[in-house]
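Please keep the sequence and the 3D view open while reading.

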Amino acid sequence: MEKSLKNLLREHGLVLKKAYGQNFLTDNLLLEEIVSKACVTKDDTVLEIGCGAGALTSVLSKKAKRVVGYEIDTRLKPVLNETLSDCDNVEIVFSDIMKQNLIDVEKKLGGEYIMVANLPYYITTPIIMRFIEEAKHLKAMVIMVQEEVAYRLSAKESTSDYGAITVGINLRGSAEVIIRVPRDKFTPPPNVDSAVVKIDIEKDKNSGVDFKRVRDLVRCAFSSRRKMLVNNIMSTYKMSRAEVEKALNESDISLTVRGENLSAEDYVRLVGNLPLI
Ligand code: SAM
């Protein structure tokens, strides 16, 4: 960014809002690294969530064919008009992304796209889950999240970080931590370190699967994390032990596992052998 962020905000009389997770990036090398590792090319349309003062948006604009950004805070309009004045392939929608219909968002994007976002932490999980479950044309998500969340998104089975959100991601692709970002890279610095995670979506992976049913099963499996899966299923699905054991056998799953031991594929097989709830 040409002007320092502090000068820019002072000139526009803007005080950043904690409630919107307004911790902005200013390090140009880091911004370039994020966009480079996102593998954005001139053929790509990018969805950015939370444009802030436009630091990431302007780097994306140079590499992408088109950028569509969503920003909740209309006070940033004059700031973005200034910082993105020479970016004619950028369109900013001043709106809460959580209140948008994903079908409308994807219509605006007009085809396949990559999400690149320094996400406000308070909506990290709902954003990821919503796009994982509902997006039809998403190729990849490259997102800045709290470091501990990054480890959960990319965790391996049978580790303490592995959880419902990991399974959700693995149903459609896979996640990898690509950059670690210390808190002092942000203005103002948040209380925790962050990391950038790349989630690659595999086209058509589990396309016929009812994600809601799998989500309910996964939620049940992790509801009492230390309990064996058999017991969690018995209480949620109102089944006898023998019925659950039959379903596990038919799904080729050991009777003594816990939720954290199963892969996304195991959950997909198992849900097919359980009743609707
Ligand atoms: N992209 C900028 C950067 O990297 O410096 C800003 C990132 S800042 C962590 C998050 C941004 O998301 C803020 O500008 C905030 O106003 C915006 N935001 C917060 N909640 C939002 C929502 N529900 N929909 C759209 N934008 C949101």
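## Terms and basis of the model

On a 1 Å grid over the protein atoms alone, a pocket is an open set of points with protein on both sides within 12 Å along at least five of seven lines, whereas a cavity is a set of points where a 1.4 Å probe fits but cannot get out; lining residues have an atom within 4 Å of a point. A molecule sits in a cavity or pocket if more than half of its atoms lie within 2 Å of its grid points.

The model is predicted, and local features need pLDDT of at least 70, side-chain atom pairs count only at pLDDT 80 or more, and totals for chains, interfaces and linings use all residues. Residues are numbered from 1 along each chain as its sequence is written, and side-chain values use heavy atoms, with hydrogens and water left out.

## The ligand and its surroundings

The largest pocket is the space taken by the ligand. Two elements, strand E1 (24-25) and strand E3 (66-71), each give two or more residues to the shell around the ligand; helices (H or I, at least four residues) and strands (E, at least two) are DSSP runs, numbered from the N terminus. In total 21 residues surround the ligand, and the closest are Leu25, Gly50, Glu71, Asp96 and Tyr122, where a residue is near a molecule if one of its heavy atoms lies within 4 Å of it. By class, this shell has 11 nonpolar, seven polar and three charged residues, with Ala, Val, Leu, Ile, Met, Phe, Trp, Tyr, Cys and Pro counted as nonpolar, Asp, Glu, Lys and Arg as charged, and the others, Gly among them, as polar.

A polar side-chain atom of Tyr122 lies 2.7 Å from a nitrogen atom of the ligand. The ligand has 600 Å² of accessible area on its own, and the protein covers 99% of this area, as calculated by the Shrake-Rupley method with a 1.4 Å probe.

## Buried residues

Arg130 is found in helix H6 (residues 124-134), and Arg130 is buried because its relative accessible area is 17%, where buried means under 20%, exposed over 50%, and partly exposed in between (1.4 Å probe, protein chains only). The side chain of Arg130 reaches the backbone oxygen of Gln100 at 2.3 Å; a polar contact is a pair of N or O atoms within 3.5 Å, and within protein one must be able to donate a hydrogen and the other to accept it, while residues adjacent in sequence count only if both atoms are side-chain atoms.

Leu248, in helix H11 (residues 241-250), is buried with a relative accessible area of 0%. Ala64 lies in the loop between helix H3 (55-63) and E3 and counts as buried, at 0% relative accessibility.

## Backbone details in loops

The peptide bond from Thr187 to Pro188 is cis, with omega near -15°, and Pro188 is found in the loop between strand E8 (186-187) and strand E9 (194-201).

Ser158, although not a glycine, has a positive phi of about 65°; Ser158 counts as partly exposed, at 45% relative accessibility. Asp252 also has a positive phi, near 65°, and counts as exposed, at 68% relative accessibility.
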